[in-house]
Amino acid sequence: AGVHISAPATRGKVLLHTSEGDIDVELWSKEAPLACRNFVQLCLEGYYNNTLFHRVISGFIVQGGDPTGTGEGGESIYGSDFKDEVHSRLRFVHRGILAMAQRNNQPNSNGSQFFFTLDRCDWLNDKHTIFGKITGNTIFNLLQIADCETDEKDRPLYPARIISTEVLFNPFDDIAPRDLAALKNNENASSLMENATGADAQRPKKKRANKSLISFGDDNDSDSDGNALSAVSSER
């Protein structure tokens, strides 16, 4: 029999109001401070409001956190991707675990996208940052989100969404939420000025591929078409 490792106590609590009911999340802010600070601040800023659960794989994961709804968007509060935080006492041992989706399946490439597990996923241990868990009966609302019809790319035909988020216990007393609307207005103004001065023609911008699709299994696994399956990632 394997040795049972108990998870540490949580510190932090967020409520996700979804189209399928509330999801109550407790955070491991001491063990994964970067991921938890990122998640809490994005919730405080309303970043996840009206975002879709854009990827569902039955018996595996429900993925969200992309404001574009495509699986290719989302940024962290840090201005760039942040590193993984792996803790020996945080494991993918049951459903309802909350973890970060990586960009292109690459280590240390966390942005805003996250996923909830629908079952035990031992092969994801030490590959993805676990930073929270669903508590109480709200796990059944996650299962309701997962009970949907999807296309060949695991995208729900009628996706559930996060309506709003509520931080019930903020473990970080120094977070200063940004005004996202003002930031977007400033970006739009800057873009207009660049277009007016021809700056874009002089300095073409290269669009960064942003793939954050959770992959699963190992390099030796393959799907029914013989395509290799990787571990959990995001199409960002």
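Close-up 1. Arg 103, with a relative accessible area of 7%, is buried. The side chains of Asp 81 and Arg 103 meet in a salt bridge at 2.5 Å, N to O, a salt bridge being a side-chain nitrogen of Lys or Arg within 4 Å of a carboxyl oxygen of Asp or Glu. Because Asp 81 lies in the loop between strand 5 (61-64) and strand 6 (97-103) while Arg 103 belongs to strand 6, the pair ties together parts that are 22 residues apart in sequence. Helices (H or I, at least four residues) and strands (E, at least two) are DSSP runs, numbered from the N terminus.

The model is predicted, with local features requiring pLDDT of at least 70 and side-chain atom pairs counting only at pLDDT 80 or more, whereas totals for chains, interfaces and linings use all residues. Residues are numbered from 1 along each chain as its sequence is written, and side-chain values use heavy atoms, with hydrogens and water left out.

**Close-up 2. The salt bridge between Arg 178 and Glu 45.** The side chains of Arg 178 and Glu 45 meet in a salt bridge at 2.8 Å, N to O. This pair links distant parts of the chain, 133 residues apart, with Arg 178 in the loop between strand 9 (161-169) and helix 3 (180-197) and Glu 45 in the loop between helix 1 (33-44) and strand 3 (51-52). Arg 178 counts as partly exposed because its relative accessibility is 30%, whereas Glu 45, at 12%, counts as buried.

**Close-up 3. Lys 13 and Glu 26 across strands 1 and 2.** Among the eight salt bridges of the structure is the one in which the side chains of Lys 13 and Glu 26 meet at 3.4 Å, N to O. The pair links distant parts of the chain, 13 residues apart, with Lys 13 in strand 1 (residues 13-18) and Glu 26 in strand 2 (residues 21-27). Lys 13 counts as partly exposed, at 22% relative accessibility.

**Close-up 4. Strand 2 and its pairing partners.** Strand 1 and strand 2 run antiparallel and are joined by six bridges, two strands being paired if DSSP finds at least two bridges between them. A hairpin of two residues connects strand 1 to strand 2, and His 17 stands opposite Asp 22 in strand 2. Three bridges join strand 2 to strand 8 (residues 130-134), and these strands run antiparallel; the bridge partner of Glu 26 in strand 8 is Lys 133.

Key: Buried means under 20% relative accessible area, exposed over 50%, partly exposed in between (1.4 Å probe, protein chains only).
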